[in-house]
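Hi,

Here is the structure I promised to pass on.

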Amino acid sequence: MLIRCRGAYVLNPQDTGRVAKLTASLFSNLESQSSLFLLCIHRHLCISENTSSSKMVSLVDEGDKTTKQNVVITDAKSGINMAITVAVTNNPSTTALFTTAAQKPPVVPGGSYITISRKKLLQNLEINGTAARINAWVDSMKASSPTHVKSTPSLSSQDETSWMLQHPSALEMFEQITSASKGKQIVMFLDYDGTLSPIVDDPDRAFMSDSMRATVRKLARYFPTAIVSGRCRDKVYSFVRLAELYYAGSHGMDIKGPSKGAQYKNDAEGVLCQPASEFVPMIDEVYQALLEKTKSTPGAKVEHNKFCISVHFRLVDEKRWSELAQQVRSVLKEYPKLRLTQGRKVLEIRPTIKWDKGKALEFLLESLGYANCTDVFPVYIGDDRTDEDAFKVLRERGQGFGILVSKIPKETNASYYLQEPSEARNFSHTFSVMDFLQRLVRWKRLSLRRQIRVQRQLEELKVSTIEKCLTVE
Ligand SMILES: O=P(O)(O)OC[C@H]1O[C@H](O[C@H]2O[C@H](CO)[C@@H](O)[C@H](O)[C@H]2O)[C@H](O)[C@@H](O)[C@@H]1O
C-alpha cells in the first residue's frame, strides 16, 4: 500500500505503523505547538494536546492492534474538520513513505486515504490555538467553496474519471436508479441554495426560476417532497411558494407539513418539530452581537435564520476573511452552547443539540409513516457540507441515495452527482437538477399510464370472459 507526499501528507489507514512514523516525525518537529489537533484512529485512539511524539508512536502502534480503520485529523475545539481530501490509490509499485514523483494523489471522495495539505497543517500548527482555529475555518471555507471552478487545482483526467466511477451522474444512471426504486415509494428531499436556486452574491435575492418551481410542483404531485434548508423556514417558503410541500428550515430544526387543502388552520398547527425552541432568545442575542461586531468589515452580512445564524463571507475581500472569522469567534466564545459549521462562503452558528439535516430526514420519513419500512426509497439532493449529514443517514440506512450537486469532485457520502440547479445559460450540456427532476416526473407519469392501461385491459378481459360465459349458458 502507498503512502506518499508531495505537498501533502497521506495517511494510509491500512498501514497504521507507517502512519505512526509519519505522524510522529511530523509532530516531533512541531511538538511544542501541536495543541490544536486530535488524531483519532477509528475512535479507539485519541492523541490529545501536547502528546509527545514517542507517546504517539506507542499509541498509534497500540491502535494498530485494535483497528485498521480511517485516520482522521480534526480540529477538536471548533468541531470543524480540516480541509481534507480523500484519495484512493492502490499502486503496489509505489511503496516509499514520501515520493518525489510529480504526481498528485488522486482526489477521490469516499475513498480510503486522507490527505492533509502539508502547508495548511504546518500553518495551522505554527500559531497558537485561537488563530489556528480561525485559519482552519477560513481554509476550510475556501477549500469547500472555490471562487471560480478554474481556481481549484485541476485534477488529471484519470483522477476525475476515478471520482466519476464512484459517483456517476444521476442522469446517466437514471434507469438503474428507477429500477432500484421498483415497488418502493420514492420520497424526495431537496436542499434549496445551490440545488434549486443558483448561488448568487446576495442571499436575499437567491430566487428560484419559474420553470424550477413548475418542475417541483409536478414532482410533488407524484412523490412526497420536502425542502430541507439552512435558511429560516419562512424565508425559504417565500422563495419556493408551494404549499403542498414539507419544509424543514434552520438546518432541519424547524419542520412543518404541507398547508395546502386547509390541512392546518394556522401556522403553529402545521409545525411538526422544533427541537431548538429554547435557544431562540440566545440566537436573537448573538445575532445582535454579530451585527454590531461585524459592521466594520465591508461586505459582511449576518442572516437571522430563526434557530441559527449565517455570517456571509462572499462579498468580503478574502484578505479580510480571517478578521471576520475572528469577530465571529470573539462573539461565540461567550456562548458554549452554540457551535459553528461552515458552508459555501458562510459560517453557520447553531445550537449544540444533536440535530441536523440527517435527523430531519429521518423525522420526516417517520412522520410520513415510513419509519421502519423497507418499501421506501428516499432521494436527497444537496450541494453543501450540511447536506452530507443526510447523505450519511441514507448510506447507513441502506435506503435510497444522495445526489451531490457540484461541478467539481468533492469528498461526499452521496452516491451520484449533478452539476448545477438548471441548464447553464450558454446551453452547454450539463447534468442539471432540473433535468433530473423532470425526467423523474416523466418516468412516473409513463409508468402510471402503463399501469392504468394494463388494469383496463385486465378489466376488459374480465368483462369479455363473463360475457362469453353468459352466452354459453
Ligand atoms: O441549506 P441551504 O438551503 O443550502 O442553505 C445554506 C445557506 O444558503 C444560503 O447561503 C448560500 O447561498 C447564498 C445565495 O446564493 C450565497 O450568497 C451564500 O454565499 C451561500 O452560502 C443562505 O443565505 C444561508 O443562510 C444558508 O445557511
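Predicted model: local features only at pLDDT ≥ 70, side-chain atom pairs only at ≥ 80, totals over all residues.

The ligand takes up the space of the largest cavity. Two elements each give two or more residues to the shell around the ligand, namely strand 13 (309-312) and strand 15 (346-351). On the domain level, the shell draws residues from both domain 1 (166-224 + 374-472) and domain 2 (279-351), so the ligand lies between them.

**Who is around it**

There are 21 residues around the ligand, and those that come nearest are Val 200, Glu 303, Arg 314, Arg 344 and Lys 357. Sorted by class, the shell has nine charged, seven nonpolar and five polar residues.

- Lys 357 has a polar side-chain atom 2.6 Å from a ligand oxygen.
- Asn 305 places a side-chain N or O atom 3.0 Å from an oxygen atom of the ligand.

As for how enclosed the ligand is, it exposes 570 Å² when taken alone, and the protein buries 99% of that.

Which residues other than glycine have a positive phi? Lys 306 is one of them, with phi near 70°. Lys 306 is in the loop between strand 12 (301-304) and strand 13. Arg 241 is not a glycine either, yet has a positive phi of about 55°. The loop holding Arg 241 runs between helix 8 (233-240) and strand 9 (246-249).

That's the lot from me.

Cheers

Note on methods
Residues numbered from 1 in each chain as written. Heavy atoms only, no water. Near = heavy atom within 4 Å. Polar contact = N/O pair within 3.5 Å; in protein donor to acceptor, adjacent residues only side chain to side chain. Areas by Shrake-Rupley, 256 points an atom, 1.4 Å probe, with all protein chains shown as cover. 1 Å grid on protein atoms, 1.4 Å probe; cavity = no way out; pocket = protein on both sides within 12 Å on 5 of 7 lines; lining within 4 Å. Sits in = over half its atoms within 2 Å of the grid points. Helix = DSSP H or I, 4+ residues; strand = E, 2+ residues; numbered from the N terminus. Nonpolar A, V, L, I, M, F, W, Y, C, P; charged D, E, K, R; others polar. Domains from an automatic or database assignment.
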